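Student: I would like to learn how to read a model like this one. Can we take it feature by feature?

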Amino acid sequence: MLTARLEQASVAARVSPVEKLRIVHALQAAGKVVAVTGDGVNDAPALKAAAIGVAMGKSGTDVAREAADVVLTDDNFVTIVHAVEEGRVTFAAIRKTTFFLLSTGAAALVAVTLSVFAGTPLLFLPVQMLWMNVVTNGVQDIALAFEPAEGDELSRPPRPPSDGILSRTLWFRAGITGAWMALAVILGFIVELHNGYPEIHARTLALTMFVMLSFFQVFSSRAENKSLCQLRLLANKPLLYTSLAALALHWAVMTWPVTAGLLELTPLNAWEWLLCAAVGSTVLIIVEAEKAVRRWAHRNDATAA
């Protein structure tokens, strides 16, 4: 009865401390995420029971501040809105970076494992794996953390409590992209060997292909649901500059004899670079297609409802 009335009501007046606590429990039982603000002793039980209790720092009592999770030092409710928005932007950045690292890391692991079971020479040497993780992926994931707000943070509903760092959507996306990246790299390596190229050339092509796949994967990681076409290219300048710098650095290392000898790489011609770029862009196409399908299904569900 109380839950049904709360669904229709916007204001509850002359509420006792026990009734405030009862309202919080009723909303929580209905699956709602409840936040409570207060400054008095009578607000303490509700502040303690809520998912997040917010007490006033200037006018609030000691009891209210002790029971709350957050204390507003300026007693300004607008600060709560800014805090929620900033918190969602920060969590989204963590989620995007985790997705990128998980998908690329899993792809490298699966690709190397497949090469062992296929009986081919080792796909990547240890020093090449370190180069890939520290120099290329290492700078991109840091820059991805600077991704700005997408603009719809305050219109999104709260995350389900059961959600972890990655949502089901991102787990699925990491699985399909990681599997495709691993398959593309190992196939490129095997084809090069069958065409008579030496191991160092085939390994260089495979490594460059993986670098290109990571380059496009990091841009597909900028938004969970929005298309990349809806995002401004220069909105995250650190990501753009570091990604391009990583490609330039990889080319320089392959070209300079000293570093090429240390990493056991050999220069590639322009056509081979274009091939790696074309294969790398496929991961972006896969992610954009998956996002489009999800948006289409969501619109159809909304229309049916």
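Student: How many cavities of 30 Å³ or more does the count come to?

Tutor: This is a predicted model. The count comes to 1 cavity of 30 Å³ or more. The volume of the largest cavity is about 30 Å³.

Student: Which residues line the largest cavity?

Tutor: The lining consists of Val89, Ala92, Ala93, Lys96, Glu147, Pro148, Ala149, Glu150 and Glu153.

Student: Now the sheet. How do strands pair in general?

Tutor: Strands of a sheet pair through backbone hydrogen bonds, and the pairing is either parallel or antiparallel. Here, 3 strands form an open sheet in the order E1-E2-E3, and the pairing is parallel. Strands E1 (35-38) and E3 (70-72) are the edges, as each pairs on one side only. From one strand to the next, the twist averages 20°.

Student: How many bridges join E1 to E2?

Tutor: There are 4 bridges between E1 and strand E2, residues 52-56, and the two run parallel.

Student: Which residues of E1 lie on the covered face, and which on the uncovered one?

Tutor: Start with the general idea. Side chains in a regular strand alternate between the two faces of the sheet. In E1, Val36 and Gly38 make the covered face, while Ala35 and Thr37 make the uncovered one.

Student: What happens just after H7?

Tutor: Glycine 196 takes a positive phi there, of about 90°.

Student: Is phenylalanine 99 buried or exposed?

Tutor: The cut-off for buried is under 20% relative accessible area. Phenylalanine 99 has 1% relative accessibility, so it counts as buried. Its place is in helix H5, residues 78-117.

Student: How far is the C-alpha atom of phenylalanine 99 from that of alanine 174?

Tutor: The separation is 6.4 Å, although phenylalanine 99 and alanine 174 are 75 residues apart along the chain.

Methods: Residues are numbered from 1 along each chain as its sequence is written. This is a predicted model: local features need pLDDT of at least 70, side-chain atom pairs count only at pLDDT 80 or more; totals for chains, interfaces and linings use all residues. Side-chain values use heavy atoms; hydrogens and water are left out. Two strands pair if DSSP finds at least two bridges between them. Axes are lines fitted to C-alpha atoms, for helices over the stretch in contact, and angles run from 0 to 180 degrees between N-to-C directions. Buried means under 20% relative accessible area, exposed over 50%, partly exposed in between (1.4 Å probe, protein chains only). On a 1 Å grid over the protein atoms alone, a cavity is a set of points where a 1.4 Å probe fits but cannot get out, and a pocket is an open set with protein on both sides within 12 Å along at least five of seven lines; lining residues have an atom within 4 Å of a point. Grid points are joined across faces, edges and corners, and a volume is the space filled by probe spheres set on the points.
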